[in-house]
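Please look through the sequence and the model shown here, and then read the report that follows.

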Amino acid sequence: DQTVAFRGDHQAGITTEAQDRLHFAAFDVVTDSRDELVDMLKKWTDAADRMTRGLETVDDGALGLGDYTPPADTGEALGLSPAHLTLTIGFGPGLFGPSASDPNRKDRFGIAARKPAALADLPMFAQEKIEPGRSYGDICIQACADDPQVAVHAIRNLARIGVGVVSVRWSQLGFGRTSSTTRGQDTPRNMFGFKDGTANIRAEDTGVLDEHVWVAEGDNPPAAQWMTGGTYLVARRIRMDIEPWDRQNLKEQETVIGRTKGEGAPIGKESEFDEPDFNMTTYGAPMIARTAHVRLAHPDQNNGVQILRRGYNFTDGSDGFGHLDAGLFFIAFNRDSFKQFVPMQQTLSRKDALTEYLIPNGSAIFAVPPGVKDGEWWGQRLF
Ligand code: HEM
């Protein structure tokens, strides 16, 4: 079966076994009318529910409106399987009032009081070059599928349904997953050639998910209870300096990451899923370097916090100087980004040897509400 349930306690596309392809879109809301926005969210919910079941966006579909009307569905998914399509919605700080994307924004929809404290703009980090045109957004949709055409079709049709209410601010395609989110999945590789996702949180780790991913009732005051069972999505477009990396010798690459390139084992250990030992030394020096990515990202170095990583490789052609515009579109889910992602990223920005090879140039945060129950629409508990 190629279908992932659209409705449930949590939205699909978070602990769902990571699909191979991504189309992620961030939208600006261009209307001031709450009714128009709510109406669109209802239409989006219906269309998303249908598309994830492999159906066209509406009954009339790609052909049903006859010869003299633009088709209701754009048609490029006709005949394709649902390919495990998941559609996940998130709401950005700008939906509630002033934010990094527009400091003069008003509370257009009367929801400012319902904004959770953890939905705030990310701070600036060292060594990043954030481009506003690749950052922020009032609403995001993460479309994941095992067929790129299915993911692109979904975003395209939601954008089309939203004309006059939202406009696409930026979007990103990803062509290969860089994480595993279930125990059954093989670990994929990122653009530096290393296995990525080994130490990730898995769908089976329900206790860890409750502690580090899902927002609990006690996290918010009554006005922001609409987030209970939800999570926060951090998106970062991280360009990777492929060519300088490719000139480093293997040993240096492994030192930077803190794992072997072939097996993906922690330095000093045999196999991928062995626990890293950060106290092992050789000739008095730590075997896993003090600046190694896995040491600095490990819960031991971060007050025990963990995040659920669900990013994708991207290559958007080349940059005009003969370099690939390639990298990792980092997506992480966490219960409170300001207690989890932000301090972790601050440590990495300051100390991680990998940072020398990375140029983050897009950044965004979204509140991902819990799953939609039967008959509910996306965002219903917020509005
Ligand atoms: C682990 C690569 C960015 C957090 C890893 C691993 C690799 C890797 C190869 C080891 C395998 C694994 O456990 O998944 C990269 C690359 C990045 C990047 C190439 C950028 C292009 C980030 C960022 C964060 C992060 C921005 C968070 C702020 C982590 C965490 C682990 C990890 C938490 C697991 C550490 C552990 O518990 O052992 N990364 N990473 N990574 N990375 Fe990254």
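## Two helices in contact

Which residues in helix 1 meet which residues in helix 2? In this predicted model, M40, K43, W44, A47 and M51 are the residues from helix 1, and on the side of helix 2 they meet A154, N157, L158 and I161. Sorted by class, this contact has seven nonpolar residues, together with one polar and one charged residue.

Helix 1 covers residues 34-52 and helix 2 covers residues 148-161, and their axes, which come within 10 Å, cross at roughly 155 degrees. Angles over 145 degrees count as roughly antiparallel, and helix 1 and helix 2 are therefore roughly antiparallel to each other. The crossing in which helix 1 passes helix 2 is right-handed.

## The surroundings of the ligand

The ligand is surrounded by 28 residues, and the closest of these are F194, T198, A199, A297 and L328. By class, the shell around the ligand holds 16 nonpolar, eight polar and four charged residues.

Several elements supply at least two residues each to this shell, namely strand 6 (231-240), helix 6 (293-297), strand 11 (324-334) and helix 7 (341-351). Helix 7, with four residues, gives the most to the shell around the ligand.

## Domains listed in the record

In an unreviewed entry, UniProt places the feature "domain: Dyp-type peroxidase N-terminal" at residues 11-175.

Over residues 187-373 the chain is 20% helix and 24% strand, and here the end C-alpha atoms are 32 Å apart.

Notes:
Residues numbered from 1 in each chain as written. Predicted model: local features only at pLDDT ≥ 70, side-chain atom pairs only at ≥ 80, totals over all residues. Near = placed C-beta within 6 Å. Nonpolar A, V, L, I, M, F, W, Y, C, P; charged D, E, K, R; others polar. Axes fitted to C-alpha atoms, helices over the stretch in contact; angles between N-to-C directions. Parallel < 35°, antiparallel > 145°, perpendicular 65-115°, else oblique. Left-handed = near helix turned anticlockwise from the far one by under 90°. Contact = placed C-beta atoms within 7 Å. UniProt positions renumbered as here; feature names shortened; annotations may be inferred.
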